[in-house]
Amino acid sequence: MVNNLVIEEMKVDDIDGVFEVEKSCFEDYWSKDSFKKELSNNLAKYLVAKVDGKIAGYVGIWFVVDEGHITNVAVHEDYRGKKIGDKLINELVQVCKDNKIVSMTLEVRASNKIAQNLYRKYGFKMAGIRKEYYSNNKEDAIIMWNDIKEV
């Protein structure tokens, strides 16, 4: 648990820190330019988790009509196990409720049981599999959905 955690909307000034988290979490990571483009995407919303002003994690979502598609969830390895991912997802669910989103979806690595358990906590259920979705090692993705009103 982190006492001095702040969750806020991502700003351009946050991109270097977000990119640092992104690189620490994923082999097939997004570029800084990708995050800059997302900040100007009217259908996207990104939140950052800061501990003492340093970016510890982030989450992103695209709003498609009345559904939210989670694009990324990442917590820097130095901050894992401190409920930061939980707080980011909780805040994201609230953002979805505020924006009249009725359901959320995401893909998660089949091997990432910790993330799957976190998503289940927020009502996500397995809805299918995308075979060899992750290009770097041909790992399958589990598609998960939730119904916001149940959260």
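Select Glu 9 and Lys 45, whose side chains meet in a salt bridge (3.3 Å, N to O). Glu 9 lies in strand β1 (residues 5–9) and Lys 45 in strand β2 (residues 44–51), so the pair ties together parts that are 36 residues apart in sequence. A salt bridge here is a side-chain nitrogen of Lys or Arg within 4 Å of a carboxyl oxygen of Asp or Glu. Side chains of opposite charge can pair when their charged atoms come close. Strands (E, at least two residues) and helices (H or I, at least four) are DSSP runs, numbered from the N terminus.

Before moving on, note that this is a predicted model, in which local features need pLDDT of at least 70 and side-chain atom pairs count only at pLDDT 80 or more, while totals for chains, interfaces and linings use all residues. Residues are numbered from 1 along each chain as its sequence is written, and side-chain values use heavy atoms, leaving out hydrogens and water.

**Stop two: a network of charges**

How many salt bridges does a search of the whole structure find? The search finds twelve. Select Glu 8 and Lys 11, whose side chains meet in one of 3.0 Å, N to O. Shared partners join Glu 8, Lys 11, Asp 14 and Lys 50 into one network.

Is Asp 14 buried or exposed? Asp 14 counts as buried, at 5% relative accessibility. Buried means under 20% relative accessible area, exposed over 50%, and partly exposed in between (1.4 Å probe, protein chains only). Lys 11 is partly exposed, with a relative accessible area of 41%, and Glu 8 is partly exposed at 24%.

**Stop three: one side of a helix**

Select helix α1 (residues 15–25) and colour Ile 15, Val 18, Phe 19, Val 21 and Glu 22, which are buried. They cover an arc of only 160° around the axis, which puts them on the same side of α1. The arc is that of the directions from the helix axis to the C-beta atoms. An α-helix has 3.6 residues a turn, so residues three or four places apart point the same way. Show α2 (32–39), β2, β3 and β4 as well: what covers the buried residues of α1 includes these elements.

**Stop four: a histidine in a strand**

Go to His 69 in strand β4 (residues 67–75). His 69 counts as buried, at 18% relative accessibility. Which side chain makes a polar contact with the side chain of His 69? The partner is Glu 107, at 3.5 Å. A polar contact is a pair of N or O atoms within 3.5 Å; within protein, one must be able to donate a hydrogen and the other to accept it, and residues adjacent in sequence count only if both atoms are side-chain atoms. Not counting residues up to four places away in sequence, His 69 touches Gly 60, Ile 61, Trp 62, Thr 105, Leu 106 and Glu 107. Contact means heavy atoms within 4.5 Å.

**Last stop: a distance**

Select Asn 90 in helix α3 (residues 84–98). Asn 90 and Tyr 122 are 32 residues apart in sequence and 7.8 Å apart in space, C-alpha to C-alpha.
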